[in-house]
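The entries are kept in the order in which I made them.

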Amino acid sequence: MSINYPELLHIVKGWVEEAGETIRTSMDKPLNIETKSNVNDLVTEMDYQTEAFFKEKIAAHYPHHQMLGEEGTGESLRSTKGVLWIIDPIDGTTNFVHQQYNFAISIGIFEDGVGQLGIVYDVMKREWFTALKGEGAFQNDKQLEKRKPVTLEKAIVGLNSRWLVWEHKNGGEKLHDLVHKSRSARSYGSAALELCYVACGRLDTYINLRLSPWDYAGSLIILKEVGASATTFSNENPSLLEKGTFIASAPSLHEELLSYMPEIK
Ligand code: IPD
Ligand code: CA
Ligand code: CA
Ligand code: CA
């Protein structure tokens with residue numbers, strides 16, 4: 001049976017709203033914070049709790065759908081066949097812990113690997129970015145325009161300055177060159193939001209040397225609906241199952257920007 005995606009968007013927005021309210025309410029209480037791969041890789045009970053909330057909802061309402069989440073759900077998944085939800089319960093955990101601001105819930109729904117529905121919700125600003133395949137992308141209730149051409153000289157680059165340090169240590173200069181030639185650079189600390197900022201024109205590109213599917217799954221569909229490009233540094237479609245390099249940009253800029261991407265060994 002085919003899925004009614006506009007109806008599903010309405011349902012999932014309700015769930016995201018509920019999860020967002022729980023996160024906002026939790027911020028009055030002390031948080032249990034742990035580290036993962038290194039001392040700066042934080043995770044909180046709210047990351048786990050929010051992922052579990054969506055996992056239960058999906059299992060109860062859509063038992064035949066698959067889910068991949070940052071905090072362990074679907075970690076053995078090897079195929080994108082069928083309906084796949086890719087969820088980052090909190091994108092921007094460092095911001096959540098340190099600033100209580102600029103973090104998002106991100107959901108992308110794919111059918112046989114094709115993006116159908118994207119939601120990125122800025123929990124504190126209560127700002128929605130949503131898209132349905134072929135139906136355009138929205139920022140709250142306003143439909144986003146197709147991305148207009150922009151030149152590098154007038155472009156705002158989204159990039160975490162840690163990558164410039166990484167590049168310097170590895171003897172490279174390309175990203176430095178790119179930042180130098182652009183109008184300016186910004187870093188907000190939530191890839192999902194920064195990718196939506198490319199979609200709505202607050203940024204003209206967002207670059208990350210190592211992103212996971214849950215970081216970009218929701219935004220991918222939103223970017224596509226405004227005609228922005230989103231690829232790996234080798235100009236391939238980003239994987240829905242594996243980490244990799246990632247660059248999204250206004251279509252006029254993408255090819256030029258690819259020539260500035262460092263080689264990742
Ligand atoms: C991280 C954020 C951050 C980006 C990292 C991501 P998380 O996601 O999106 O901005 O630079 O690469 O891992 O761990 O906060 O969900
Ligand atoms: Ca994380
Ligand atoms: Ca993330
Ligand atoms: Ca996360």
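My notes on the conventions come before the two look-ups.

**Conventions.** I am working with a predicted model, in which local features need pLDDT of at least 70 and side-chain atom pairs count only at pLDDT 80 or more, while totals for chains, interfaces and linings use all residues. Residues are numbered from 1 along each chain as its sequence is written, chains are lettered from A and ligands numbered from 1 in the order in which they are written, and side-chain values use heavy atoms, with hydrogens and water left out.

**Entry 1, calcium sites.** I looked up the donors, meaning N, O and S atoms within 2.8 Å of the metal (3.2 Å for Na, K and Ca); water is not among the atoms, so sites may look incomplete. For the calcium ion (ligand 4) I found Glu70 (OE), Asp88 (OD) and Ile90 (O) as protein donors at 2.1 to 2.3 Å, and along the chain they follow the spacing E-x17-D-x1-I. Glu70 lies in the loop between E3 and E4 and Ile90 in strand E4, so the pair ties together parts that are 20 residues apart in sequence. Strands here (E, at least two residues) are DSSP runs, as are helices (H or I, at least four), numbered from the N terminus; E3 covers 66–69 and E4 covers 83–91.

I then checked burial, where buried means under 20% relative accessible area, exposed over 50% and partly exposed in between (1.4 Å probe, protein chains only). Glu70 is partly exposed at 24%, whereas Ile90 is buried at 2%.

**Entry 2, strand E7.** I counted six of six residues buried in E7 (residues 127–132). In a regular strand the side chains alternate between the two faces of the sheet. In E7 both faces are covered, with Glu127, Phe129 and Ala131 on one side and Trp128, Thr130 and Leu132 on the other.

For the neighbours I used pairing, which requires at least two DSSP bridges between two strands. E6 (residues 114–122) pairs antiparallel with E7 over six bridges, and Ile119 stands opposite Thr130. Their hairpin has four residues between the strands, and Arg126 in the turn has a positive phi of about 55 degrees.

E8 (residues 137–139) is joined to E7 by three bridges, again antiparallel, with Ala131 opposite Ala137. This hairpin has four residues between its strands, and Gly134 takes a positive phi near 80 degrees.
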